[in-house]
Amino acid sequence: MKKLLSLIVASVVMCAALFTGCGTAASESNAEAGGAGASDFIVGAIYINSQNDNAGYTYAHHQGIVKAMEALGLNTETNLKIRDNVPEDDEQVRTAIEQLAGQGCDIIFGISFGYINAFAEAAEEYPDIVFCHATGYLSNDRNFNNYFGRIYQARYLAGIAAGYKSLEIGNNNIGYVSAWGTEYAETCSGINAFALGARAVNPDAVVHVNEIYTWGDQELERQAAEVLVSTYGCGVIAQHCDSAQPQIVAQEQGVYGCGYNSDMASDAPDAHLTAPVWNWNVYYQLAIETAMNEASAADFFTNIGGNYYGGLNEGMVDISPLTDNNAPEAAEAIELARNLMVSGEWDVFSGTALVFSGEAGSVTVEQVSQALMDNEGNIIVDGGQGSVDDSVIQGSMNYYVDGVVAES
Amino acid sequence: MRLKIIRRKETRIVNVILLYVIGIAVSFVLGGIFLSSLGINPVVYYRDMLTIGLIGNYYPAKSIEGLLKLFVPLLITSLALSLAFKMKFWNIGGEGEFITGAIFASWVAFKLGDSMPRIVVILLMCIAAFISAGLIGFITAHLKVKFNTNETLVTLMLNYIMLYVIKYIGETKADWNFFLRTDSERPVFARFPENAVMQGITIGNFKLLYSVLASIAIAVIVYFYLKRTKQGYEIAVVGDSVNTARYAGMNVYKITVRTIFLSAALIGLAGAFAAATSGTISTDITNNVGWTGVIVAWLSRLSVPVIGVVSLLISVLQYGCQAASASYSQIDHNFADLMQGLFMFSILAAGFFSHFKIVRTGGKNDD
């Protein structure tokens, strides 16, 4: 026993000596690198899940920030400071912000809605740091803005693909596994846009929504998809949830599907049509570049043009490449709709509906004046009128459009 | 050959210290191996961790404040739990009692924060938390003494009940729900009115919150309560043997209920402090102190001064790991947790070996 002890003590002492030796050397070289670095602009980020996730919401944001920094020539090893797994608790978010501020961050991104209070306060307390909050609605006119994307535009395009598929297989039932329903405008607007896209192609299509009441739970996502296929006979499964489980179910059951967040074709090669995807790097690059080039953090809000709500036009949202599983008309129709949205000529939630017709090779689109109705028969937008406000799409939309049926 | 664990006959203080030194050293070396495998210099990492990232920090005062915000709830909760543990009453309901206190404190904050002076609001918040959480303790103690229920199960289940209560409040948008922001379409907890937010003494850039002073005062009071008062003595006797207490003519029901009320009420008070400091509540407001407090109480062998030291060390470890995970891109929260666990495990193992030792016994079927 004594021998063992002395052995342990001796090895500990040796290790300690070794580490101290290389410690001083390394910290010196760090200091040099810092002084002579290409850029001393430091980016901070606060994540809701782990920075080492390999799918899902946090993953998408982390990829976006890394890609943006690489494009701007910033070192993601030294110039990116991250606090991850930070729960939506004001005190813990505040601590995370203080730690990132203490590390010298010039801009701090927060990706989860519940960070909103802490971000709003921190923006006042640290006027020299730029704060950007995803999915929120608060801002000041100096160093604090919020950002999100018109994902509903991509949803509409995915809806077109689903609509054509439903025509091809002769099954008007389309399923939709959703984290939440009308409780959140984010999920609600996505479902509505998808349904409008599907019905622009197949007016008889019905979108069956199965809600799982949580943002992510692989088992529930799976079960919800199975129910949509077995009970409601759906031939296409779309989704607004974190994992690819609904697509995997579609593959297993021999039906089709539209993923979300990232291209899910590899998860369900025989089922996947296309997925609405986020290109967060578009915003992150814009925000970091704006903050890098300005004299004062107080100019940020003006320089970046206020709060950010980019769409297809900016490249902030898109759909993943169409797979060979798609009906032949889908690609052309999607291109037509995309052009109308990119040019700003038309948008999804307006009193003008798109109607597609024609065979593959000669698909045409027609704009017809048609009131936007909810599924209880109320008129949301009169025929021919413009789109609902962005604030409605982002914040207060709490109804389903005609053709959507809530199944849970 | 067989190995057998036996209790040490005597524990020499030198041996105990040596064991802890070895335990900590082993965790440093193990952690060092993990860190090196990620290409991080362990010495620099440990320096950043143990100095809670103060070196080269732009806002050092904020780091100290952040550390104290972890320390205060942990200290009070550990003290409160040790009251119950001294009596061999296994209160593992710290989480639930903490949440109860936080909910009732914020109820007062939202309802009275605008109409009363700050000192009154904060005091009322503390009283509301103290009584509400204390009542939870009263219920478990009453059930235990009257019906001999298992307090471990009861307190454990109450944790989940309270967690779901606060989740319900936090996720339900309704007219009655004054806990939430009214301008938000999504449910999110509102900020307290300014008068319900904990203040402190400003020293330069540094703000020493009154809750820090209060928690130290509570530690001193608990120390004297246990050491010098009749009630403290009664707790010790009941903890040693309920029958002895009965023969001595003590009212076991009264002592148990009073002590557990106090234990739970103090944890509720910690919840009120956390809510007032944060200026709001959340489902994650406890920061797991109900669990960490159990570890602290046991590591400290229920000694009040040691609880103070251990709470501080664990807070340093927690804050330091967070700070380090922010400054190294390779380190994520999970890794920081792993490091924390490594340290805790080594220290607990050292504690174990200071009481027990493994000996070899020559068995006949030795092969």
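Modeller: Strand S13 (residues 352-357) of chain A and strand S14 (residues 364-369) of chain A run antiparallel, joined by 6 bridges. Two strands count as paired if DSSP finds at least two bridges between them. Helices (H or I, at least four residues) and strands (E, at least two) are themselves DSSP runs, numbered from the N terminus.

Biologist: Before we go on, what kind of model is this, and how are things labelled?

Modeller: It is a predicted model: local features need pLDDT of at least 70, side-chain atom pairs count only at pLDDT 80 or more, and totals for chains, interfaces and linings use all residues. Residues are numbered from 1 along each chain as its sequence is written, chains are lettered from A and ligands numbered from 1 in the order in which they are written, and side-chain values use heavy atoms, with hydrogens and water left out.

Biologist: Which residue in S14(A) stands opposite Thr352(A)?

Modeller: That is Ser369(A). The two strands form a hairpin with 6 residues between them, and in the turn Gly358(A) has a positive phi of about 100 degrees.

Biologist: Now strand S8 of chain A. How many of the residues of S8(A) are buried?

Modeller: Buried means under 20% relative accessible area, exposed means over 50%, and partly exposed is in between (1.4 Å probe, protein chains only). In S8(A), 5 of the 5 residues are buried, so the strand is largely enclosed by the rest of the structure. Val236(A), Ala238(A) and His240(A) point one way, while Ile237(A) and Gln239(A) point the other way.

Biologist: And which strands pair with it?

Modeller: S6(A) runs parallel to S8(A), with 5 bridges joining them; there, Ser178(A) stands opposite His240(A). S9(A) also pairs with S8(A) in the parallel sense, over 3 bridges, and Tyr256(A) in S9(A) is the bridge partner of Val236(A).

Biologist: How should I read a helix such as H8 of chain A?

Modeller: An α-helix has 3.6 residues a turn, so residues three or four places apart point the same way. In helix H8 (residues 245-253) of chain A, the buried residues are Gln245(A), Pro246(A), Gln247(A), Val249(A) and Ala250(A). Their cover, judged by contacts (heavy atoms within 4.5 Å), includes strand S6 (173-178), helix H7 (218-230), strand S8 (236-240) and strand S9 (256-258) of chain A. After H8(A) comes Gly254(A), with a positive phi near 70 degrees.

Biologist: Let's turn to charges. How many salt bridges are found over all chains?

Modeller: Side chains of opposite charge can pair when their charged atoms come close. The cut-off for a salt bridge is a side-chain nitrogen of Lys or Arg within 4 Å of a carboxyl oxygen of Asp or Glu. A search of the whole structure finds 21 of them over all chains. One of these links Glu121(A) with Arg191(B), at 3.2 Å from N to O. Glu121(A) lies in helix H4 (residues 116-125) of chain A and Arg191(B) in the loop between helix H6 (151-171) and strand S2 (200-203) of chain B, so the pair joins two chains.

Biologist: Are those two residues buried, exposed or in between?

Modeller: Glu121(A) is partly exposed at 24% relative accessibility, and Arg191(B) is partly exposed at 27%. Both belong to a network of salt bridges that links Glu91(A), Arg94(A), Glu121(A), Lys69(B) and Arg191(B).
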